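Hello,

Here is the structure for your files. My notes follow below it.

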Amino acid sequence: MRVAQLGSGTPELAVVAGIHGDEPCGVRAVERLLDERPTVERPVKLVVANEAALERRVRFVDEDLNRTFPGHPEAATHEGQLAHRLVEELEGCLTFSMHSTQSHADPFAIVNGISDTARELVPQLPVAAMVETSNFAEGRLFSKIDTIEVECGLQGSETAAQNADRLTRAFLTAVGALPGDTVARDLPVYQLTDVISKAQADTYEVFVDNFTRVDPGDPFAAADGDMQVADEPFYPVLMSPNGYRNVFGYAADKLDVLTTTPAAD
């Protein structure tokens, strides 16, 4: 784990990259900040988490770090020990954690509960949606640390790396670490309600778009041609043919649209 800092003093803000070793986009954003060393108005901790997995270009060494928190100092796995160290490192910090996905090109945010902080900050980020995932938070970083996660784009793409840099700077501006203004936008909010499992098969297909309503009777995925049809309406999130080993993705409800208040003349 690599830890650095912008500014002096005790940080109450942190930016984390490289939770998964096959998602290098956030690392690029952190490295650019370290190269430029911008003047910050609040100190910021910068963390590149799973260096061993990043060096091997694999998602994890022993187990998924973002399903391992809080970890333990004597855990039997690399990620189990790393999770414990990372929780200690981030204690007391509002944390911005960057990921990428195989399912959706446009950035979106993931939060554990719709807190006042999330309502204030996430609409200021250049994201298409906010996803509340408290039903599936066990073992993830934000189960122990106050965290806003962002999916920056398609895994391994140059666009995801560019988005990670843009998202990080928007976050740091929104929390007052970097000077300037952000642009708030109306933001749809979804809540994950269920896992969409997939059977073992040679070929998988997905017929729906993420964040687009699926109606009862609509086919949404297939495993070796065996069609899955919706029994109830839902919004797919993180749906892809091969993004996860045992699931296509998640079903969600659309909760709300956070609207911005126009500035007074």
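Which residues does Thr-77 touch, not counting residues up to four places away in sequence? They are Asp-62 and Glu-63, with contact meaning heavy atoms within 4.5 Å.

First, the ground rules. This is a predicted model, where local features need pLDDT of at least 70, side-chain atom pairs count only at pLDDT 80 or more, and totals for chains, interfaces and linings use all residues. Residues are numbered from 1 along each chain as its sequence is written, and side-chain values use heavy atoms, with hydrogens and water left out.

Back to Thr-77. The loop between helix 2 (51-56) and helix 3 (78-90) holds this residue; helices are DSSP runs (H or I, at least four residues), numbered from the N terminus. The side chains of Thr-77 and Glu-63 make a polar contact of 2.5 Å. That term means a pair of N or O atoms within 3.5 Å, one able to donate a hydrogen and the other to accept it; residues adjacent in sequence count only if both atoms are side-chain atoms.

Now the domains. The chain splits into domain 1 (2-175) and domain 2 (193-255), with bounds from an automatic or database domain assignment. Their C-alpha centres lie 26 Å apart. Domain 1 gives 12 residues to the contact and domain 2 gives 13.

About 960 Å² is buried between them, 70% of it from carbon and sulfur atoms. Buried area is the accessible area (1.4 Å probe) lost when two parts are put together, summed over both. Gln-102, Ser-103 and Phe-136 supply 45% of what domain 1 buries against domain 2. One residue pair is in polar contact between the domains (both at pLDDT 80 or more).

Best wishes

Definitions and conventions:
Helix = DSSP H or I, 4+ residues; strand = E, 2+ residues; numbered from the N terminus.
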